[in-house]
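Take a look at the fold below. The text then walks through a hairpin, the charged pairs and the nonpolar cores.

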Amino acid sequence: MPTTPATAAHSSSNGTAEVIMLELVDEDGTTIGTAEKLAAHQPPGQLHRAFSVFLFDEQGRLLLQRRALGKYHSPGVWSNTCCGHPYPGEAPFAAAARRTYEELGVSPSLLAEAGTVRYNHPDPASGLVEQEFNHLFVGMAQDRLDPDPKEVGETAFVTAEELAERHARSPFSAWFMTVLDAARPAIRELTGPSAGW
């Protein structure tokens, strides 16, 4: 598999490629080490810290993103507002806010912790494995979006009913329903019973 700037490295201040490291954790979410990003996703996968963000507008609609076609993992599929990995030592909350801005050009007007979920999802298309201890966040997006086209192919705000219809006809990330279901109690608290989540 080719390594691109989006997969395993980002540019440092001196122009050289810098390897992206993830935080490895045990089943309780305690840090036990680090691993290079792509290596951590090779089968059978190494359990690592991750985050998933669910942002809503004032009508209670969920902001979805379709992952850019150039992404090494799950390209071109729909997923939650934002997901990613904290750098080693970075707080998941800070990583979630940082990545949401980097990908979508918006800072959440509200962002709250919504628990954690642990899962193991192989991706048949890429052969990679998501072994993640995922920190969940819910919040509000009230500013205009400015997505980075290298990260995001498309965005959509959807109601719970529209999500069900879209999920039935379009490919979604392997982890999407797991993280959505785990975040539902916090989502219902945020959006209220009338939103249908």
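Val25 stands opposite Thr31 in β4. Helices (H or I, at least four residues) and strands (E, at least two) are DSSP runs, numbered from the N terminus. This is a predicted model, in which local features need pLDDT of at least 70, side-chain atom pairs count only at pLDDT 80 or more, and totals for chains, interfaces and linings use all residues. Residues are numbered from 1 along each chain as its sequence is written, and side-chain values use heavy atoms, with hydrogens and water left out.

Strand β3 (residues 21-25) runs antiparallel to strand β4 (residues 31-36), and five bridges join them. Two strands pair if DSSP finds at least two bridges between them. Five residues sit between β3 and β4 in this hairpin. In its turn, Gly29 has a positive phi of about 85 degrees.

Strand β3 also takes part in a charged pair. Glu23 and Arg49 meet through their side chains in a salt bridge (2.5 Å, N to O). Arg49 lies in strand β5 and Glu23 in strand β3, so the pair ties together parts that are 26 residues apart in sequence. Both Arg49 and Glu23 are buried. Buried means under 20% relative accessible area, exposed over 50%, and partly exposed in between (1.4 Å probe, protein chains only).

The whole structure holds 11 salt bridges. Each is a side-chain nitrogen of Lys or Arg within 4 Å of a carboxyl oxygen of Asp or Glu. Asp57 pairs with Arg61, with the closest N and O atoms 2.6 Å apart. Asp57 counts as buried at 8% relative accessibility, while Arg61 counts as partly exposed at 29%. Glu154 and Arg66 form another salt bridge (3.1 Å, N to O). Glu154 is in strand β11 and Arg66 in strand β6, so this pair links parts 88 residues apart in sequence. A network of salt bridges links Lys71, Glu90, Arg98, Arg99, Glu102, Glu103 and Glu151.

Now turn to the nonpolar side chains. A nonpolar core is a set of buried Ala, Val, Leu, Ile, Met, Phe, Trp, Tyr and Cys residues joined through side-chain atoms within 4.5 Å. The largest has 26 residues. Phe54, Leu62, Leu64, Leu163, Phe176, Ile187 and Trp197 touch the most other members. Elements giving two or more residues include β5 (48-56), β6 (62-67) and α4 (176-191). The largest share, six residues, comes from α4. A second, separate core of nine residues includes Val53, Leu55, Cys82 and Phe137.
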